Each structure stands twice: as C-alpha cells, then as structure tokens.
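Look over the sequence and the 3D view below. A short briefing follows.

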Amino acid sequence: TRIISHAVAMQLTKSNPAREISSDLFSKKNKENFTFVSAPKEIKLLLSMLEQAVGTPQVIIALNLAPHVFLRPSELAGLSWSEIDWDDKLIRIPAERMKIDKPHIVPMSNHVFEVLTKLKDSNLDSTLCFPSPLRNGRSISTNSILQAMRKVGVDKELSTVHGFRHMAVTNLNEKGYNGDAIELQVAHEISGVRGVYNHAKYLDERKPMMEDWSQFLLNLLAE
C-alpha cells in the first residue's frame, strides 16, 4: 500500500485501491512454542506427577518413557518391536515415520532398555510396542498420552509431551554436550555443510549422553 500511496503523491495514479486492506493481513504469525520446564526442581515435580498417571499400561509406560527418549509424540506412540535393536541397544526408526524423512537412531539407556524388555515379555501378541486396547492392530494415540498427563495435573502452561524434548535440549546444552549431537538426537535438521553427514554421526557421543540424561532423571526422582 505504501508503494501505491507514493504513486498517488507523485500524481502517477488518482487513488490507492489498497488503502482499505489491513496491515495485519501481512503480519508474521508467531510460531507456536511448546511449554516445558528446565530447572531440576521443576523437572522432579513433573516426573513425580507423571508417575501418578492412571490408564492402560501402554499409555502409562509411553508417558513415563517420553522424557528419556526425546521422540516426538507420534514417533513414540507408533514404535514397533521391529524398530528395537536389542543387540546394539538402539531404537532405529525408519525414514517414513520421521518428520525429517530420514531414519533416526535413539541409543537406549539402561533404564529404557529394561522398561522395553519387560514390556516385550508381557506383550508378545503384538508387533507394536504400545498397541491400542480399543483399535485392533493400531497403536495408542498421541492424544491418549497427552490426556494421561493432563489428568495428573500437568496443564498446558507447565508442559506438553513435545516439551520433554525442549527440556532435554536445554539441560544437555547446559551440561556442555556437543550441540550437533544434541540436535541430531532430537532429529532436527542441521543446516549448512554440517547437515550433510549421515544420521549415525556422533553416535559414540550420543550413547553416553542418553545414559547420563536418564540417570539425571532417575536421580531427581530418587532424591
């Protein structure tokens, strides 16, 4: 509109037909941020609340594993046993299930490995780690995980399931871990030349990082 207004002032045109268009139409929308906690005291409170969740075992286990694995809600809910590499203690998610359209690797901490081992022993009749008790052949929904969290008092101003990822990134950066290793672990695209490396890069760093993070969470709960 300013260009046309200038043209009117220069007598290049008689009127400005765009003057009635609100400038709000072109304003940049704020990107939605996922709420999360980062201080140890807040994280301990959050984890304690998650332990009180009620519902199906699949939902409760998925919810309590979420802070340990950094996965997006849909990636976590849809885990299948074929994606678990028991020998190398890795979760290997194929590209078609990832937002970034690239395969993703999650090193399993001892805690995550033990939880999934017990779950596997009690869940031998499904190809899914978290099968839905209501929808035959399908996994639990991301909403069921979110609702279990809301029912124990974790409201949207405190944290979202997605917020667990931000919580981990913030704390691991403060702990001094390699920034690229952290970004790869939450399956973020790394821009520029650094982004051309394959998804397994920094795996040797990410394994102890994931173990350290799980122990940090478990120690907070034990205090």
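Which backbone oxygen does the side chain of H104 reach? The side chain of H104 reaches the backbone oxygen of Q185, at 3.2 Å. The model is predicted, with local features needing pLDDT of at least 70 and side-chain atom pairs counting only at pLDDT 80 or more, while totals for chains, interfaces and linings use all residues. Residues are numbered from 1 along each chain as its sequence is written, and side-chain values use heavy atoms, with hydrogens and water left out.

**The chain**
- The chain has nine helices and three strands (DSSP runs numbered from the N terminus: helices are H or I with at least four residues, strands are E with at least two).
- From the N terminus on, the order of elements is α-α-α-α-β-β-β-α-α-α-α-α.
- Of the 223 residues in the chain, 40% are buried (under 20% relative accessible area, with a 1.4 Å probe and protein chains only).

**H104**
- H104 is part of strand β3, which covers residues 104–107.
- H104 counts as buried because its relative accessibility is 5%.

**I145**
- I145 sits in helix α6, residues 142–151.
- I145 has 1% relative accessibility, so I145 counts as buried.
- I145 and V59 lie 86 residues apart in sequence, yet their C-alpha atoms are 5.7 Å apart in space.
- Leaving aside neighbours within four places in sequence, I145 is in contact with V59, A62, L63, L76, A77, I140 and V161.

How values were computed. Buried means under 20% relative accessible area, exposed over 50%, partly exposed in between (1.4 Å probe, protein chains only). A polar contact is a pair of N or O atoms within 3.5 Å; within protein, one must be able to donate a hydrogen and the other to accept it, and residues adjacent in sequence count only if both atoms are side-chain atoms. Contact means heavy atoms within 4.5 Å.
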